[in-house]
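Here are my notes for a first look at this one. Have the view open while you go through the points.

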Amino acid sequence: MTVILRAEGLSKRFGGLKAVDSVDLQLNDGEILGVIGPNGAGKTTLFSMIAGSIPPTSGRVVLEGKVISGGSPRRAVRAGVVRTHQIVRPFQNLTVLENVMVGAIYGKARPLGARERALELLDFCSLRERAPQLPGGLTLAGRKRLELARALATEPRVLLLDEVIAGVNPAEALQMTDLIRSVREKRRLSIILIEHVMPAVMRLSDRVIVLDAGKKIAEGKPPQVVKDPRVIAAYLGESASEAALGPGSLPTPVSGSGPASHPTPSSNPTPISSSPSKKGPGGRP
Amino acid sequence: MKLLPHWVSRPALAALVAAVAIGAVVPKVLGWSVYSQNQVTETFLFVAAALAWNWMGGYLGQVSFGHSAMFGLGGFISARLLLALHLPFWMAWIAGGLVAAGYALVWGHPTLRLRGPYFSIATIGVGEATRLVMTYWEDLTGGSSGLSLPITAGLKSELYWWALALMALVIAGSYALRKSTFGLGLLAIKSDVDAAADVGISPTLMQDIVLLLSGFTVGVCGAFYASFQNFIEPGDMFGFDRSISFVLMAVIGGVGTIIGPAFGALVFVILRQYLIGSYPQLYLGIYGLLLIVVILFEPLGMMGLFFRIGRRFGLLRPEVEATLEAKAAVGGAAADPGARTGGPP
């Protein structure tokens, strides 16, 4: 299998905070790589560096032998790397069709036939009949599909998806999962996926890396990763029973069990997400 | 026929050609007095300036309170060239426009990183600083005693046709900057700079291009105004109320719309004529009041009213009206604050 994208020692420091701390990753051609980790682990910062929106403090990102980090997002898009946003950011003043056309025109600087390519992508993302409307009228799932269509319109080789499933209802989540699969199959893209919805990550990803406090703490096939004690500790705290399940915290999917019992996807219909660090007294001591 | 780009609508082109033809014929038919014809010339001039301001303020959502800097610079550069080198006046205008565009780029390239109110505040500083420097730079501007230009009455009436041509060009430019693929990119930048950059747009480059075009056009308008007035002085050319007048014309007519600022300029010129005649001490205050009223009750100004009337009488489908209004709105996200979900990342 050939490596299409490689991050080498990627770090980002915001003042005294090391948001991302020398992370190496590689993405194989046609692969879906999941990136998981508690809130604040540095996942989105990692994405921003790969997509060129923020320059790394050190390290670099190489796409097929070409350095794409440290420039502008445009450089990354032209090279073939595009991202979506965790909080959807459609252009509110453009119709759904025009939103996608912007990607088709400016992604590779190809204005000719942009409309047709955009319409084809709207078909692909089941948004065709919404083409003349403003994005404000779409559901959240619809706007997430629009975000995906706009990114695909730039004709990327590598797609960075930042939480495209979180926050939508189960039926829509399933639809999105299928859509991501067919992006890989029909459009032959390689995908890096940040996601909190564990069942989706587990189903979609060929490989998963886990970030915690800016560091990569685990990497491997999804079933192995969730059994990794470091991963469990990162999500639920070193002494999960007191830290994560203490009074006042929400019941978590693994409630009643200590760190020894593993949160496997099959036994986890609800996302483990990061409920301990969100609502509880903190996932980490 | 493949002569025209796909985004040019035939009816719009026909309307422009018809308007120019009417403008060309009317003074001959009606036999206007010199005074009325000069009034119309000045109106055309301000239509052009207001539309050029709107490229920044309406199309990019970067509201400038410093456009008097380019207006004045264009005026004084061309005046000096006319006086010193006796160039044909159109050549002096273009030179004035180019210098104004260059100056716009010098202050605009760094400040355009700011957005919204921050950019606007920076432009106030630029405008006022320019006014002060120019008032004391007597070698260029003649200081507070100003410059007199040798203009004959014959030339002054000839300027009507030049103003008509200038206005027609700027209207065509306004249309192109909204409807072309470049215009689609500008709308994306106005809505969300970072998201636009993430799909491959270079906001810096595109904003600089718009700034150059806007600065050039306003500079040419200033140069035209200098030729037309016989006499210019820095306090008038670079004054803050000059900058405000561009904002006001665009807001009254419909900021962010293609043709709205043109109507705004028309209203502005009529209103100013009346107010300066009757209430010279009040007119700035009345402008301010007008600005507040329009922004509160009809943010898209006269175009907003036209849209409403169009919908009421079934000439404009509601969803078409919605997209028109969304494109005009300053700041795309402001058009629909509920559409963004979730908190900050």
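1. Let's begin with chain B, which has 17 helices and two strands. Keep in mind that this is a predicted model. The radius of gyration of chain B is 20 Å, close to the 20 Å that the globule rule gives for 345 residues, so chain B is as compact as a globular protein of that length.

2. Of its 345 residues, 46% are buried. Take the contacts in chain B with a separation of 6 or more: 77% of them are between residues 24 or more positions apart.

3. Now over to chain A, where you'll find 11 helices and 10 strands. This chain has 285 residues, and 52% of them count as buried. For contacts in chain A with a separation of 6 or more, residues 24 or more positions apart account for 65%.

4. Then there's the place where the two chains meet. Chain A brings 35 residues to the contact and chain B brings 31. On the side of chain A that touches chain B, the elements giving two or more residues are α2 (73-79), β6 (81-83), α3 (96-106) and α5 (140-152). Which element of chain A gives the largest share of that side? That's α3(A), with six residues.

5. One last thing about the side of chain A that touches chain B: sorted by class, it has 16 nonpolar, 13 polar and six charged residues.

Technical notes: Residues are numbered from 1 along each chain as its sequence is written. Chains are lettered from A and ligands numbered from 1 in the order in which they are written. This is a predicted model: local features need pLDDT of at least 70, side-chain atom pairs count only at pLDDT 80 or more; totals for chains, interfaces and linings use all residues. Helices (H or I, at least four residues) and strands (E, at least two) are DSSP runs, numbered from the N terminus. A residue is buried if 20 or more other C-beta atoms lie within 10 Å of its own, exposed if 12 or fewer, and partly exposed in between; C-beta atoms are placed from the backbone. Two residues are in contact if their C-beta atoms, placed from the backbone, lie within 7 Å. The radius of gyration is taken over C-alpha atoms; the globule rule is 2.2 Å times the number of residues to the power 0.38. Ala, Val, Leu, Ile, Met, Phe, Trp, Tyr, Cys and Pro count as nonpolar, Asp, Glu, Lys and Arg as charged, and the others, Gly among them, as polar.
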